[in-house]
Structures are given as C-alpha cells and as structure tokens.
Amino acid sequence: MPKISINGKEIEFEKGMTVLQACELADVEIPRFCYHEKLSIAGNCRMCLVEMEKSAKPIASCAMPATEGMKIKTNTAFVEKARKGVMEFLLANHPLDCPVCDQGGECDLQDQSLYYGVDKSRFVENKRDVKEKYMGPLIKTQMTRCIHCTRCVRFATEVAGVPEIGAIGRGENMEITTYLEKSMKSELSANVIDLCPVGALTSKPYAFEARPWELNKTETIDVMDAVGSNVRVDTYNWEVKRVLPRLNNDINEEWISDKTRYSCDGLLKQRLDIPYIKINNKLQKSNWDEAIDLIVKKIKNLESNQIAGHVGDMTNIENALGFKKLFEIFNSKNLEFREKKFYINPDEKINYIFNTSIKGIEESDLVLLVGSNPRHEATMLNARLRKTYLQKKIKIYSFGDPGDLTYPYEIIGKKTDDIKKFINMESEFSKKFLSTKKPMIIIGESALELKSGKYIFEELKNFLRINNFVNNGWNALNILVQNASTVGLTDLKIFPNQKADFSFFDKLNKKEFKFLYLLGSDNLEIKKNGEFIVYQGSHGDKGAELADIILPSAAYTEQNGLYENLEGRIQECKKASYPIGEAKEDWKIFNMIIKKYGENEKVLKFESLRKESLDNVANFSEINELPKFNLTDTNKITTEFFSEDVQIKELNYYFSNSISRASKTMSECNHIRQKIKKTGTNN
Amino acid sequence: MSLKKVHDKQPENFSFNEDSLRKADEILKRYPTENKKSAVMPLLYLAQRQNENWIPLAAMKYIANYLSMPYISVYEVATFYTMYNLAPVGKHFIQVCTTTPCLIRGADKIVKLCKEKISPNENEISKNGTCSWIEVECLGACVSAPMMQVNEDYYEDLNEKDTLKILDSLMKDKPLKPGSFRGRKNTSPEKIQSDGEKHA
C-alpha cells in the first residue's frame, strides 16, 4: 500500500483516498464544513486547508487525492493562519446570533470558531441579509446564517433523489433555495437539518424547544417501519423532544426518514392515560381494578375458542410473547398479528426475511420488485437501492407499477400471468435474470396479499433455489414487510395454527369471536358486531374507538424491548421516557390479568420473557447481527395460480400507524402531499 | 426591478417556435447525447432571443424537459449568468459600459442621456415600450470607448450627439447601423502621419 507522511508520521493508505481521509487514518482531525463522507466532494468551504511540501499554497485536503510520498503538515503556523483566514471570510456575513439560534451547542461553525475564529472582525461593511425561504413544514430556514457548503444540495440530488434544492445567483447574491420555494417531495427531506453545519436549516417542529445540553439522550431504534433504523431519542423530562439518526452502515447509514424523525410529537398527543370502560355506549374514565375485573369476568364466562387476540404493528417481541402466554392461560389459540391477509410461510427463516440484507443490496447486479413500493414501505431501504443504482447503474425491474421510486426502473408486467411466464422461463426477462450473478427479488406484501400470493412466493422461491440463487454466499429471496413487529412475531408463531392460514380472519368475519383483545392493534379492519373488544395501547386511535375497555400502555419510547427488523436482525429498543399517567408497560398489564385470573404462579418476569423470546427466534446469532443461514429441504408445496392484476396498495406514508396519525407534523406533511391548501380557519 | 429575480407576471406556456427548434437541434448536435444537458446555456439564450429578450419560468421548465434535467438546475444556470434576463426588458436592450476606460471617455454622459431619453431608472422600460437600459461592467471594447451594446450589436466611439441619435432611432424602432461612430474600421488607427508611415 502507498505511504503518506502526516506531521512526520508515516502512514499507509488505500489507493483512491483523499488527503483528508488519510489524515483521519493518522488520527489527525481536520476541520471541515462542506466535506461529508456520504456525499460527493465539493471542496468549496476551504476549511480543511493543510500544508503540502513543495506547494507554495495550502491545499484543500478534502479534494486532493493522496499520493505516494506526499508530505502533509497540519499543525504549522502556516496552516493555522490559512484556516483563520478562511474562518474570517465565513464569519464576514454570518450573523453571529448564536444566543437565539437553534443550532447553538451543536453547531460546527460555533465549535470550529473556538479554535480558528479571530476575536474581532475586520469586516466593517454591512452584512448581507437573505430572506427566509419556505422549505415545507419540517425545515425552518434562516438563510442569512448559510455558509454555502451545499451539503443540502448534494444530499437532495444524490441521496434523496429529488433534485429540488439548488444555489441560485452568484457571489454575494448566492442563495440556497428549493425550486420556487416549494416543499421538498421526499421522505428523507429532514436529513438536510442534520447535514447543515450551521443554523441555516433547522427543525421547524423543534424550534426553540430545548438546548442540546438539556436533553437526555437514549440510543434506541425506530419502529415506524420494518427497517429498524438506529436512532437517538432526546428527552426533556418525560417529553420526547426529537429523534435523530445514529450511524449504522448496515441499516440506515446516517439518515432516517421523515416519519421516523417527526412522528415523535404524536407521542404527546391523543395519549391514553387511564383505563376507560364503555358504559351506555360512552367511554367513561375508570381505574385498573375495575377494568381488569371486568375483563376477567368476561373471559371466565366465555369458551376459549370465542376469545381472540390481535397483536399490533409496533409491539415488541417480549410483550408479544407475554401476550401469547396470557392466551395459553385462557387456553385460546386465536392469535394473529397480520393486518391484511398476506401469505406467509413460517416453516423456515428465509421465507419471511430480507435475506440479501440491506447492505447486501450494494453487491447485487439486478433487482426485481414484485408488488412492492419500497419508497413508502421501507424508505431507508429504497435509499440503499438508489445508492446502488447510482454506483453501479444496476437494472431495476418491477411487476406492478409502484410510481416514482427516485430511480429509473422498468415495468415488465402488471399481471400475475407475467410472473408465471417469468417463472416458467417463457419470457425474455427470465434469461436476462439468469445471466446475472447476484440478482435479487423483493416481494412486497401487496403481492403476497393477492389470491396468487402463495403461488408467487413459493414458485419464485423454487425458481431461485433451482437456479442456485439461495445459498450461503448469495440469497436472492427477499420479503419486504411493512411493520416493525412482523418478523419477530412470525418467529414467535403468533398464528392461529402451524400453517399460518387465514382462519383468524375467517372467524372474525363470521363473528365467531365474542371477546377480542387488541394489543396495540389499530390497522386491523373490524366491523364491530356484538364482540367485546379490549384495546390495550398507547394512543386513542382506531382500535380505541371500537373498544369496550381501554387499557393504557406505554409507547415504544417508554419501554424496553426487542424488535426484529426485516432482515431478521434483533435490536433493542430502549426506554427513553416514562409512560404517561396510569399507563403501564404491556407485560405488567398481562400480569395484573393473570393474577386476577388466579394463576399467580404463571406471573411473567421481563428477564425470562426476553430470554425465552430469544430462544424462540429461529437461526438467532447475536443481538444486532444478521441471523444464520439455514436451508432445510422442505417438500414442494402445491400452489394454485389465479390470473389477476398485480395491484400495489398505496400506503398512506405519513399516516401508517397510531403514533404518526396522532402527530401534527405528519398531518401537515400529508396535507401538503395531497395539495390541500390551508383555509386559514385554524388560526 | 432586478433582472436576476423571477418576474411576478409569468406567461403560462412557452415552447420553441419552428426556427428555434431547428437551431436547438443544431446546438444539441455539438454535444454527446449522454451529456446533452451541456446544451442548457445556448438553449437558454435561444429562448431569450425568441421571447423578446427575457426568459420566463415556463421557458426554463420547457428547456429542463427538453434536456431531461431537473428544473432547479436550469434555474441555477439562469440565475447565475448576467446575460440571461429573468424579467422583461425593452425590445432594444441597451447595455452601457461604465467600467474605467469608458468612464474616462465619458460613459457617464451616455448614462445621463439614457436616463433622460429612455427611463429615469435602470431596467425600466420606456413609456413607448421599446427600450430599456442598464449599466454593465466591461464589454471588452475598451479600444473604442465609450461604447454601448444594443441587443447583440456594439455602438462604439460614441459622443453625446451620436448617442442621442442612436437613442432616438431606437425609440422610434428604426435602429441605426452599429459600429464605430468615428468611421473607424476594425478599431484601426484613425490618422496616417504626413510621412506616410502607419501608426499602430
């Protein structure tokens, strides 16, 4: 490997690195504003100047490729003078309004001016003033503070794939703006707030809420979709003030989606804080004793097959296991977690996870989407698909029309007949698919929901197995699930039976259930007709509306728990705050019921729930790691083919779960997306 | 009114006329097909010529679609370069050079005449709607200072009397012939000394 000398220290570096990256290898910190690892190099802030031997002028280390034998110095008076000069220019037009700026305390410019700022300004002219720009309901702008690093422009164009931010004008008149000041049409737009090194782009919902040093930071994960993005939840007392991304190159890199970031204001609204009981068709405030009494009385009067439970989209594994154990006590097997009737085969692990893994997408050379819109169903995964498209120009194909995915793709069929042709090697595309080395198929819930769902999944899997695309080195079979709980609950076998058929839904429609226990489940379609419904959850949403008894429980930021993301990676969601009012953690509520039911010896303990749930997870390797690969030779499953359209069900992105539906920010985003103009009546 | 800010009143639609389309095709031939967006600058200028010396938003959108590039990129280019006018200007758009060599040779007098004859302020269209004027930096014709540019033509070696004639002709929409107003050709020296030797 080539060598470079940094401050007299010889260090080896990889070919293609820049001087700045080589300096980082040598543990030398270089100040920077415009450079960012995940974005292209702009080299326009000039803060990263270093001294290079045989060069009369300082060089911008972020843009200079490192070469063999270079001698770099970063700690000389020459470098310091150069950086001080740059900083003086950056501050010439910067307002220095740190006391009223939301970035204060976590501002790159503030931090670096501590080392390179001069104590007084020689700039006696008027500072320039730039009007605020409108960038949508999430981004607050104060463009006078902008130092024109163009990180936001590069992010929008490269990562988000919506080239809508740009720099207009030039010189003194240069301004960063969206095209005609419209809001960005992206689910990743708010990441520009994190990227902005100064206070030009700040968070609108979080404006003037708190200072960074006042907040308690909890490193946890997100449950808004099945990706399991790594996040940091910042709380002030019990209130969740904001959610920020955490670096995890295997999952979300450095970004999170807008829903992950801004649903958190939904945690403060519509909360269930005490138990409610429906009396005379009206929900009345009650207390735990009364509510639990009534539930146990109802259950004891019913036969076990009349009792059913449904587990919701954001339930963690431990609570779901506790719920299953509770139903074992009731002697009922009527459990389900699916909200729609989509086919799932729980026999082996590879049948219900995203086997290629999110990072693995980058290795693939062809992607086939089957009835899936990854942009809305798993935003971070879509960003990775786009990244791979940009890097390798891979071909992407789709069965069904998912709409704009931020990268070009080709629709090769809109009917299941086209899928059949593909599987039977009757189409041109089959040959193209087989000629690649690392193809991947992504099957969405919309495809599995079809009548041919079973056919599509089993035959595609068979197709891949025959052609040796399912092995330890490369696994092309991928299921894209939508809910954070889906994979974990499939591992726990929260199904009415081993086959995971739709008997729960059939019985529900035939009104065979007299008692329905909803555990945080708001997306299940129920036409209520005489059932007694218990809703246990955190938000007064669709489930609570139907309920006869409401048991308030903790939201995902208020209890510890494990979640399994769509890759089958188990991650821990940590308690950042406390449940509101009389609300309790879910498993504690089950314990109250178990005790009242008279089964004191079966009381649940959190540690044993966790241990047991990990034992239940198939092919489990380690926390935060991908599961082990294991292929059992299962018998061929007989399937039935139906000719129908591959309809991709539109997911209402900003309103997909009870927390985002309670969030004011999300509803504003939704309003803008649907182009509903505010009438002004709300003010 | 600034020419670099998007104008309030925008036409709904814009599309190249036949003549422009033919020219646009020729322009596109100069660039490799995968880099056709390089043609954005000549196309913007083409649109400006077709649309009475200014570029409406609709034209930027049209060009963006024409070259399959994002709207914002075309917008960035159009706002960056000073020769693109984003607001209406006169049919005869007069650019008076006021950089040092011209100023020494009396450009301020030309500016004064523009103020009197056309409009009291820069970028204001004259009452009859034919002309507007603007002060610009060096147009690279210092050798024939003072000078001004009207659309694509240079009027050079001006004095007050000639400028007045030119402005009058422009206001009447019958422009005089451009070039040197002291009869010079290709900025050649004016006098030949008595001994017959030419002086460069």
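What percentage of the 683 residues in chain A is made up of buried residues? In this predicted model, buried residues account for 49% of the 683 residues of chain A. The overall dimensions can be set beside that figure: a compact globule with 683 residues would have a radius of gyration near 26 Å, and chain A, with 28 Å, agrees with this expectation. Taken along the principal axes, the C-alpha atoms of chain A fill a box of roughly 90 × 60 × 50 Å.

One sheet of chain A may be followed strand by strand. Strands of a sheet pair through backbone hydrogen bonds, in either a parallel or an antiparallel manner. Here three strands of chain A form an open sheet in the order 10-11-12, with antiparallel pairing. Strand 10 (216-221) and strand 12 (239-245) of chain A each have a single partner strand and stand at the edges, so one side of each is left without a neighbour in the sheet. From one strand to the next, the twist averages 30 degrees. The pairing of strand 10 with strand 11 (residues 230-236) of chain A is antiparallel and runs over six bridges; within this part of the sheet, Asn216(A) stands opposite Thr235(A), a residue of strand 11.

Chain B contains seven helices and five strands, which follow one another along the sequence in the pattern α-α-α-α-β-α-α-β-β-β-α-β. The chain is divided into domain 1 (10-80) and domain 2 (92-180), and the C-alpha centres of domain 1 and domain 2 of chain B lie 28 Å apart. Among the contacts in chain B with a separation of 6 or more, residues 24 or more positions apart account for 62%.

It remains to look at where the two chains meet. Nine residues of chain A are in contact with nine residues of chain B. On the side of chain A that touches chain B, the residues divide by class into five nonpolar, two polar and two charged.

Conventions: Residues are numbered from 1 along each chain as its sequence is written. Chains are lettered from A and ligands numbered from 1 in the order in which they are written. This is a predicted model: local features need pLDDT of at least 70, side-chain atom pairs count only at pLDDT 80 or more; totals for chains, interfaces and linings use all residues. Two residues are in contact if their C-beta atoms, placed from the backbone, lie within 7 Å. Ala, Val, Leu, Ile, Met, Phe, Trp, Tyr, Cys and Pro count as nonpolar, Asp, Glu, Lys and Arg as charged, and the others, Gly among them, as polar. The radius of gyration is taken over C-alpha atoms; the globule rule is 2.2 Å times the number of residues to the power 0.38. A residue is buried if 20 or more other C-beta atoms lie within 10 Å of its own, exposed if 12 or fewer, and partly exposed in between; C-beta atoms are placed from the backbone. Two strands pair if DSSP finds at least two bridges between them. Helices (H or I, at least four residues) and strands (E, at least two) are DSSP runs, numbered from the N terminus. Axes are lines fitted to C-alpha atoms, for helices over the stretch in contact, and angles run from 0 to 180 degrees between N-to-C directions. Domain bounds come from an automatic or database domain assignment.
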